[in-house]
Amino acid sequence: MDRGAWKAAGLFLFCKKVHLYHFFLIPHVNDTIWYLSFSDIIHLCDKYKTGVIDGPACNSLCVTETLYFGKCLSTKPNNQIYLGIWDNLPGVVKCQMEQALHLDFGTELEPRKEIVLFDKPTRGTTVQKFKEMVYSLFKAKLGDQGNLSELVNLILTVADGDKDGQVSLGEAKSAWALLQLNEFLLMVILQDKEHTPKLMGFCGDLYVMESVEYTSLYGISLPWVIELFIPSGFRRSMDQLFTPSWPRKAKIAIGLLEFVEDVFHGPYGNFLMCDTSAKNLGYNDKYDLKMVDMRKIVPETNLKELIKDRHCESDLDCVYGTDCRTSCDQSTMKCTSEVIQPNLAKACQLLKDYLLRGAPSEIREELEKQLYSCIALKVTANQMEMEHSLILNNLKTLLWKKISYTNDS
């Protein structure tokens, strides 16, 4: 391997040392994952140099040495997220070498894979055949939506990394690997939406997205050694002290409500937010919400198909992530397919303390009332969609009216 690939791998390895030291404190963790992380970059560059994969970020990663890995934002080897620099532009680099969606409760929905083979599509595959492959994948993930052909064409546009009007075999292999990842698919579907970070480029199944200035909804970043000794309850209270002013929090909250609208019965079906936590949300210097991690936002059709008939003893066996819950049918001892709590209710639960702390006295009572009504939403309720729209619009209106004429919103 040449100097450029080794430099990229070396920067990656340096960052992974942080993870290795962290894992020494956790029992039963296999530190060989660290070596697999190092080999991932070498593997990608080898595949690029031999023409197996291609993408707009490959040359910068492996040849010109202008794609750099910086601060690690993740603590799990199978969810590798870094601040980075690509051709002097800040970005977020994600290195999630993962398999296709399958359901294994208690583990990742997209578990880590040692080496991605990039074996599809095979040499000799026509563009039409590749489009059929992508269409079949989308039908399995998203259900029988009427406009899947439009999405297939959109994917081909994204896959054409060098914008020469053609998708090479290497670009197709990279695109196919990336389409196994929910986050990448969602970024493409929502590419014109304000709260979804823009895709900057990719190489194999490594991809770069636009930088987000603040990578958590609230809180202060502390060294992990200190984090170990802070009780979770105290940490939550401390986090609430390190937040923007209330009008700016309200603007960020409106952004989250708008994102919930984006993924609720959009053009390609409904997506479920299965880990609605502050660490997955961020915002820019204008206090516009930006999603930081969308790995646990999954197509409803896909999750329902996989969760139904799952063996269970109690409702606790029918949970994916932290937020997507169904019930256990005690007569059959199998999970039902209907997720109990809609995205909006989970978003309001997250926003409750965030918005009520420091809320103006003249709207606090009404704001609290609306937030609790929102949290009480259930998917199974009669006229849920109508209630969903009404509550969401009322909340946005209440917040906008209060901050419309303030300078720091």
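**Leu 206 and its surroundings**

Author: Let's start with Leu 206, which touches Ile 41, Leu 44, Leu 61, Leu 67, Phe 69, Val 93, Lys 94, Cys 95 and Leu 178, leaving aside residues up to four places away in sequence; touching, or contact, means heavy atoms within 4.5 Å. Keep in mind that this is a predicted model: local features need pLDDT of at least 70, side-chain atom pairs count only at pLDDT 80 or more, and totals for chains, interfaces and linings use all residues. Residues are numbered from 1 along each chain as its sequence is written, and side-chain values use heavy atoms, with hydrogens and water left out.

Leu 206 sits in strand E5, residues 206-210. Strands (E, at least two residues) and helices (H or I, at least four) are DSSP runs, numbered from the N terminus. With 0% relative accessibility, Leu 206 counts as buried, a label that means under 20% relative accessible area, while exposed is over 50% and partly exposed is in between (1.4 Å probe, protein chains only).

For contrast, take Lys 49 in helix H2, residues 32-49. Lys 49 has 41% relative accessibility, so it counts as partly exposed. Between Lys 49 and Asn 59 there are 9.3 Å from C-alpha to C-alpha, and 10 residues in sequence.

Now step out to helix H5 (residues 148-159), whose 12 residues reach 16 Å from first C-alpha to last. That is close to the 16 Å expected at 1.5 Å a residue, where the expected span is 1.5 Å times one less than the number of residues. Buried in H5 are Leu 148, Leu 151, Val 152, Ile 155, Leu 156, Val 158 and Ala 159. Seen down the axis of H5, these fall within an arc of 160 degrees, so they line one face of the helix; the arc is that of the directions from the helix axis to the C-beta atoms. Here's the general idea: an α-helix has 3.6 residues a turn, so residues three or four places apart point the same way. The buried residues of H5 pack against helix H4 (127-142), helix H6 (169-178), helix H7 (182-189) and strand E4 (199-203).

H11 (residues 300-307) gives you another case, with Glu 300, Asn 302, Leu 303 and Ile 307 buried. They cover an arc of only 165 degrees around the axis, which puts them on the same side of H11. Their cover includes H4 along with strands E6 (271-273), E9 (297-299), E11 (324-325) and E13 (334-335). Just after H11, Asp 309 takes a positive phi of about 70 degrees.

What about the cores? The largest nonpolar core has 76 residues, and among those with the most contacts inside it are Phe 138, Trp 246 and Leu 344. Such a core is a set of buried Ala, Val, Leu, Ile, Met, Phe, Trp, Tyr and Cys residues joined through side-chain atoms within 4.5 Å. Helix H10 (residues 246-263) gives this core its largest share, 10 residues. Leu 344 touches Leu 257, Val 260, Cys 374, Leu 377, His 388, Ile 391 and Leu 392, again not counting residues up to four places away in sequence. Apart from this core lies another, of 21 residues, among them Cys 58, Leu 67, Trp 86 and Phe 118.
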